[in-house]
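Me: I would like to learn how to read a few features of a structure. Please show me the model, and then we can go through it.

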Amino acid sequence: MNVQERKEHQEHQEHKEHKEHKALWRARVLEARGRLSAEERAVAGRGIRDAVLSLPELGMAGTVAVYYSIGTEPETRGLVFGLWKRGTYVVLPVVRGDGDLDWASYEGPESMVAGPRGLLEPGETRRGVEAVARADAVLVPALAVDRAGNRLGRGGGSFDRALARVGPLVPLIALLYDDELVERLPAEPHDIPVRAVVRPTHGVTPLPTPA
């Protein structure tokens, strides 16, 4: 095995190990979330909503990209409605056939329609995959985030592709339960770090900005 082959083999092994570690983390977090009641999720959602709506960056944002929670995720529907009600232009993801995210405007709860995988999506005109790049702030789902800003998603890669389009100065904020900010997560060079997290009890926690 020559030098190049050894390097490729090592990179393959490291990638495999990262995937395995992420799978373990996902299983652990999803199990913990599954133990939460609907009321606990709703209370967490209200705490996150209040913290996000008090952020100066969100108060000044003309356009905010966010997501509509499903399942055991911290509840975001009140947050989405609150942003829209105060005059923010809100865009939500629409999953494309290739797994990438298109975006469409939120025009109130009645504008939401059933989408794939149990999702609710805006029924408005799609704005294209680059719409997220025009947002003044982006709120993203995560199962966990570490102190360096590394985000653990569900593994589908849809939000990773979307976040790669967001400029380095745009607030990129993950919404978590209280115990989901951890010291260290497995990460790879292409992962896009978030710049802050919001948790129900702890509010906003800024994270280091990459050099």
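Me: Which strands each supply at least two residues of the lining of the second largest pocket?

Reply: First, the general idea. On a 1 Å grid over the protein atoms alone, a pocket is an open set of points where a 1.4 Å probe fits, with protein on both sides within 12 Å along at least five of seven lines; lining residues have an atom within 4 Å of a point. Strands are DSSP runs of E, at least two residues long, and helices are runs of H or I, at least four; both are numbered from the N terminus. Here, β9 (172-175) and β12 (203-206) each give at least two residues to the lining of the second largest pocket.

Me: What should I know about the source of these values?

Reply: This is a predicted model: local features need pLDDT of at least 70, and side-chain atom pairs count only at pLDDT 80 or more, while totals for chains, interfaces and linings use all residues. Residues are numbered from 1 along each chain as its sequence is written, and side-chain values use heavy atoms, with hydrogens and water left out.

Me: How many residues line the second largest pocket, and which are the closest to its centre?

Reply: The lining has 14 residues, and E57, V170, P171, L172 and R195 are the closest to the centre. The space is about 210 Å³. A volume is the space filled by probe spheres set on the points, with grid points joined across faces, edges and corners. The lining divides into eleven nonpolar, one polar and two charged residues. Ala, Val, Leu, Ile, Met, Phe, Trp, Tyr, Cys and Pro count as nonpolar, Asp, Glu, Lys and Arg as charged, and the others, Gly among them, as polar.

Me: How does β12 pair with β11?

Reply: Two strands pair if DSSP finds at least two bridges between them. β11 (residues 196-199) and β12 pair in the antiparallel sense over four bridges. V198 stands opposite V204 in β12. A hairpin of three residues joins the two strands, β11 to β12.

Me: What lines the largest pocket?

Reply: Its lining has 38 residues, and R154, G155, G156, G157 and S158 lie nearest the centre. Elements giving two or more residues include α1 (3-34), β2 (89-95) and α5 (158-163). α1 gives the most, with five. The lining holds 18 nonpolar, eight polar and twelve charged residues. The space is about 870 Å³.

Me: How many aromatic pairs does a search of the whole structure find?

Reply: A pair of aromatic rings is described by the distance of the centres and the angle of the planes. Rings of Phe, Tyr and Trp (its six-membered ring) pair if their centres lie within 6.5 Å; planes under 30 degrees apart count as stacked, over 60 as edge-to-face and the rest as tilted. The search finds five pairs. The centres of Y68 and Y106 are 6.2 Å apart and their planes at 45°, so the pair is tilted. Both Y68 and Y106 are buried. W84 and Y106 have centres 5.6 Å apart and planes at 90°, so this pair is edge-to-face. W84 lies in helix α4, and Y106 in the loop between β3 and β4, 22 residues apart. Y68, F81, W84 and Y106 form one aromatic cluster.

Note on methods:
Buried < 20%, exposed > 50% of the residue type's maximum accessible area, 1.4 Å probe, protein only.
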